[in-house]
Amino acid sequence: MASAAMAASTRTLLRPHRLLLLPDPRRRRLSATAAASANAVATTVRRSVVDVLRERGLVEATTSETLGSSATGEHQLLKAYCGFDPTAESLHLGNLIGLVALSWFRRCGHTAVALVGGATGRVGDPSGKSAERPDLDLAAVIANSDAIKALVAQILGRAPVSSHHAQSGKSAILDQNEHALASSGQGLSDNLGNVGGNIGSFVILDNYDWWKDITLLDFLKEVGKYARVGTMIAKESVKKRLNSEDGMSYTEFTYQLLQGYDFLYMFKNMGVNVQIGGSDQWGNITAGTDLIRKILQVEGAHGLTFPLLLKSDGTKFGKSEDGAIWLSSKMLSPYKFYQYFYSVPDVDVIRFMKILTFVSLDEIQELEESMTKPGYVPNMVQRRLAEEVTRFVHGEEGLEEALKATEALRPGAQTELDSRTIEGIADGVPSCSLPYGQVLKSPLVDLAASTGLLASKSAVKRLIKQGGMYLNNMKIDSEDKLIEESDIVDGKVLLLSAGKKNKMVVRIS
């Protein structure tokens with residue numbers, strides 16, 4: 001019986017799908033080979049991606065000063081990953097820097113890896129949080145993961161092939177192991193990865209693909225014994241929580257090992273050799289480089305952090321009165337996204353141009369100089385910022401939608417409105433729903449007052465006389481105006497405007 005039990009235990013630990021990490025001589029040789037492959041020099045590029053990121057203000061710290069280059073002056077072929085936990089149906093503005101940084105790696109000919117935390121999202125990263133994250137049920141984690149994979153594929157798949165930093169030569173190609181794992185991400189990267197010879201490929205992975213086969217006992221034996229509690233407690237994210245009123249749960253405490261293991265797994269099996277993240281991720285990133293060094297006993301794993309997205313006053317950039325600025329058009333219209341960047345104050349706009357766009361630094365300097373010259377039209381640089389970021393996140397179609405809505409929703413504009421354009425701003429202005437029969441042939445004066453656009457019928461009449469009342473952006477000259485069938489846009493909606501800013505969307509039910 002004992003012999004049979006021992007044999008069964010051995011078979012469990014040696015399953016082909018299980019990553020065994022014990023540092024025996026054979027494993028050291030295999031790991032060294034993988035590291036050498038990951039660090040192989042593919043071609044000579046004009047600029048180091050780290051230099052590009054640093055001059056644009058996208059580098060807070062690195063684990064190595066030589067990251068991105070070798071002693072010979074040539075540059076490594078890098079595979080860089082950034083993680084995104086599925087805590088919501090969409091990524092938000094705080095995640096945008098990670099996507100921008102991954103795109104810069106691609107532009108410089110390297111491979112970008114977006115890792116969705118289908119496993120770690122069930123635990124919750126304590127970094128930068130004052131309290132434990134609320135638990136998500138399994139269905140929500142899966143749905144959020146799928147939505148984020150699709151969003152990331154859309155954004156990274158739009159990366160242009162031309163760049164003044166682009167390399168010449170072969171693009172980064174994923175090895176077979178990466179393609180096998182990428183297929184579990186619904187094949188999103190297979191047809192969107194390589195977009196040209198001058199740009200690196202990208203892949204979307206889900207860490208649940210390897211975590212689902214790992215038991216707690218295996219993890220404690222093969223990884224846990226290499227982690228030192230003193231080092232884990234010394235991490236800044238842990239110290240802050242331990243000193244807080246609520247403290248920290250054991251589940252959150254182990255998160256850094258989970259993220260560290262992700263890096264180790266991808267380094268060993270796929271040659272991913274750089275992890276990037278916000279400055280609050282430094283402890284989790286170095287947990288990964290430490291595990292790689294201790295368990296695989298090789299060098300070559302690097303970390304890079306970028307600064308958090310803050311306004312000049314030190315507050316977080318990416319929050320509005322209505323909440324987070326989401327990257328998915330399903331949660332925030334391209335129009336509202338565009339308007340958020342259009343309203344960036346002058347003191348922040350140039351820095352955000354450097355961090356969040358791919359406009360050359362020379363052109364950004366010209367834009368900065370133009371702001372101090374006579375005749376400068378206010379918000380022209382903000383308009384450029386809004387256009388560039390909206391194009392990157394929502395594509396040309398999303399940008400066109402935002403520009404069309406911006407122009408069309410200006411009272412008196414000649415652009416013809418459609419229901420989609422009006423609905424695009426509906427989450428940012430007051431709205432109501434009324435039956436079709438109650439709206440058709442209704443006096444405009446009555447409708448404007450009953451919907452709350454203005455306080456009274458007399459106020460509506462005064463505004464009409466002053467020339468400030470609009471229906472679907474058309475100025476109303478008569479107090480006797482009735483709502484006709486042709487006024488109801490696409491048979492669905494009306495837009496009432498009192499002056500330039502006060503609006504009311506009336507949905508027809």
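Here are some questions and answers about the predicted model shown above.

User: In what order do the six strands of the open sheet lie, and which are the edge strands?
Analyst: Strands (E, at least two residues) and helices (H or I, at least four) are DSSP runs numbered from the N terminus, and two strands pair if DSSP finds at least two bridges between them. The pairing in this open sheet is mixed, and the order is E1-E6-E5-E2-E3-E4. The edge strands, each pairing on one side only, are E1 (61-62) and E4 (202-206).

User: Which residue of E6 is the bridge partner of Gly277?
Analyst: Strand E5 (residues 274-278) pairs with strand E6 (residues 302-306) in the parallel sense, over five bridges. Within E6, the partner of Gly277 is Thr305.

User: How many residues of E5 are buried?
Analyst: Buried means under 20% relative accessible area, exposed over 50%, and partly exposed in between (1.4 Å probe, protein chains only). E5 is mostly covered, and its buried residues number five of five.

User: At about what angle does helix H13 run to E6?
Analyst: Axes are lines fitted to C-alpha atoms, for helices over the stretch in contact, and angles run from 0 to 180 degrees between N-to-C directions. Helix H13 (residues 282-296) lies across E1, E5 and E6, and to E6 it runs at about 170 degrees.

User: Why are H14 and H17 described as roughly antiparallel?
Analyst: Angles under 35 degrees count as roughly parallel, over 145 as roughly antiparallel, 65 to 115 as roughly perpendicular and the rest as oblique. Helix H14 (residues 334-342) and helix H17 (residues 380-408) pack with their axes 8 Å apart, at an angle of about 150 degrees. H14 and H17 are therefore roughly antiparallel.

User: Which residues have the most contacts inside the largest nonpolar core?
Analyst: A nonpolar core is a set of buried Ala, Val, Leu, Ile, Met, Phe, Trp, Tyr and Cys residues joined through side-chain atoms within 4.5 Å. The largest has 66 residues, and those with the most contacts inside it are Leu93, Leu96, Leu327 and Phe341.

User: Is Met270 buried or exposed?
Analyst: Met270 lies in helix H12 (residues 255-270). Its relative accessible area is 1%, so Met270 is buried.

User: Which residues does Tyr208 touch, not counting residues up to four places away in sequence?
Analyst: Tyr208 sits in helix H7 (residues 208-211), and at 34% relative accessibility it counts as partly exposed. Contact means heavy atoms within 4.5 Å. With that sequence limit, Tyr208 touches Gly118, Ala119 and Arg122.

How values were computed. Residues numbered from 1 in each chain as written. Predicted model: local features only at pLDDT ≥ 70, side-chain atom pairs only at ≥ 80, totals over all residues. Heavy atoms only, no water.
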